[in-house]
Amino acid sequence: MEQFKTSGVCSKEIHFDVKDGVIKEVSFIKGCSGNGLGISALIKGMPVDEAIERMKGIDCRGRGTSCPDQLAAALMKYKSNN
């Protein structure tokens, strides 16, 4: 299970698992429970590259980032390290 410390959003951390380039599990620590659960359910089974493409750049209330954008950042970091 990978861990990513978020920045600029309500959630504090994102935990995720990837196998063979496919997202197997995602959980958001803190933040809006409903949104975190919804995002997790929607991207489970999605290829990493597709998830990044769909979520990168999503903004929440003018913060310049969002929980989906932070997940995209986490997945990009994961890809660069693997």
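Me: In this predicted model, which residues is methionine 55 in contact with, leaving aside its neighbours within four places in sequence?

Reply: The model is a prediction, and contact here requires heavy atoms within 4.5 Å. Once the neighbours within four places in sequence are set aside, the contacts of methionine 55 are Ile39, Ile43, Pro68, Asp69, Leu71, Ala72 and Leu75.

Me: Which element supplies the largest share of the largest nonpolar core?

Reply: This core has 21 residues, and Phe16, Val26, Met55, Leu71 and Leu75 touch the most other members. At least two residues each come from strand S2 (11-19), strand S3 (22-30), helix H1 (33-43), helix H2 (48-55) and helix H3 (67-81). The largest share, six residues, is supplied by H3.

Me: In what order do the three strands of the open sheet lie, and which are the edge strands?

Reply: The three strands are arranged as S1-S2-S3 with antiparallel pairing. On average, neighbouring strands are turned by 20° against each other, direction ignored. Pairing on one side only marks the edge strands, which are strand S1 (2-5) and S3.

Me: Which residue in S3 is the bridge partner of phenylalanine 16?

Reply: S2 and S3 are joined by eight bridges in the antiparallel sense. Within S3, the residue bridged to phenylalanine 16 is valine 26.

Me: Is lysine 77 buried or partly exposed?

Reply: Lysine 77 lies in helix H3. Buried would require under 20% relative accessible area, and exposed over 50%. Because its relative accessibility is 48%, lysine 77 is classed as partly exposed.

Note on methods. Residues numbered from 1 in each chain as written. Predicted model: local features only at pLDDT ≥ 70, side-chain atom pairs only at ≥ 80, totals over all residues. Heavy atoms only, no water. Core = buried A, V, L, I, M, F, W, Y, C linked by side-chain atoms within 4.5 Å. Buried < 20%, exposed > 50% of the residue type's maximum accessible area, 1.4 Å probe, protein only. Helix = DSSP H or I, 4+ residues; strand = E, 2+ residues; numbered from the N terminus. Pairing = 2+ DSSP bridges. Axes fitted to C-alpha atoms, helices over the stretch in contact; angles between N-to-C directions.
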